[in-house]
Amino acid sequence: MLMDQYFSAMKDVLASVEQTQRDTIVAAAAAIADRLARGGAWHIMDTGHMLMFEGVGRTGGMMALKPIRITCEIQNPVRHRPSPARGGQGYDSIPGFADFVLGRANILPDDVVMIGSVSGYNYFPVDLALKANELGCLTVAITSVQYSSRLKSRHPSGKRLFEACTFCLDNCTNYGDTLVDVPALGQRICPASGISASYLMWALQSTVVEQLLSRGLKPGVYISNHMPDAARLNGEALSHYEQYGY
């Protein structure tokens, strides 16, 4: 069954993550813990599909990780008229937009900026990483190196996200990000990047927790709102986070 092919292939991707990304996870976690310990903030901006939801505000997750959410809504109740172009340009191709985001998100020089993009070749995520580096931030990519390596960067630097960040966590998915070949469709199905990126995210968070504890620092971690006394415990942890940043 196609389901079994998917199960097998997805397990292979996760095994590859475990086998190839361990050292980078440990190194990145130590650097993140250093920044948090001295007052830096930890931000995530994902141009993909899930990390700003999966990795943020979940039970067992660190309170230190905060999402940069970008919204842009244009409203004009003009009557319908034919138009040759209907919003063809996205924010990820606007020069200078990364500077705007860094400023409005209140990102400071000692912060950590984690950027998720599976393909990692569009203008905005690369520009955000490079500008954050210039600001003095630690940058961490979650991307597919194999996929991105086969794409030409849309940034003037010629860099892709895995080349622009201090650390790169490779989600180990393939070119095209699909696992199961379906000849009757003439294409492959079932992406791997969402699950593998989440796998990396939680491995990284667990290691940051471990690193902070090794420094004698107790990070705030969410517990489920359905657990006994959760409101008080989460409230105390949030107060600690607000004061210390972790």
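Mentor: In this predicted model, strand β1 (residues 42–46) and strand β3 (residues 112–116) run parallel and are joined by 5 bridges. Within that pairing, I44 stands opposite M114 of β3.

Trainee: Which strand is joined to β1 by 3 bridges?

Mentor: That partner is strand β2 (residues 65–67), again in a parallel arrangement. Here H43 is the residue opposite K66.

Trainee: Why is β1 described as largely enclosed by the rest of the structure?

Mentor: Burial is judged by relative accessible area, with under 20% counting as buried. In β1, 5 of the 5 residues are buried, so the strand is largely enclosed. The side chains point two ways: W42, I44 and D46 to one side, H43 and M45 to the other, and all are buried.

Trainee: What is W42 in contact with, beyond its neighbours within four places in sequence?

Mentor: Its contacts include I32 and L36, M62, A64 and L65, V112 and M114, and also L204 and V208. In the largest nonpolar core, which has 45 residues, W42 is among those touching the most other members, together with I32, L36, L204 and V208. Helix α1 (residues 2–37) is the leading contributor to this core, giving 13 residues. A second, separate core holds 22 residues, among them I68, A98, L102 and A164.

Trainee: Where do nonpolar residues form a patch on the surface?

Mentor: Such a patch is formed by M1, M3 and F7, whose accessible area together is about 360 Å². M3 lies in helix α1 and is partly exposed, at a relative accessible area of 43%.

Note on methods. Residues numbered from 1 in each chain as written. Predicted model: local features only at pLDDT ≥ 70, side-chain atom pairs only at ≥ 80, totals over all residues. Heavy atoms only, no water. Core = buried A, V, L, I, M, F, W, Y, C linked by side-chain atoms within 4.5 Å. Buried < 20%, exposed > 50% of the residue type's maximum accessible area, 1.4 Å probe, protein only. Helix = DSSP H or I, 4+ residues; strand = E, 2+ residues; numbered from the N terminus. Contact = heavy atoms within 4.5 Å. Patch = residues over 30% accessible without salt bridge, like charges linked within 9 Å, V, L, I, M, F, W, Y side chains within 5 Å. Areas by Shrake-Rupley, 256 points an atom, 1.4 Å probe, with all protein chains shown as cover. Salt bridge = Lys/Arg side-chain N within 4 Å of Asp/Glu carboxyl O. Pairing = 2+ DSSP bridges.
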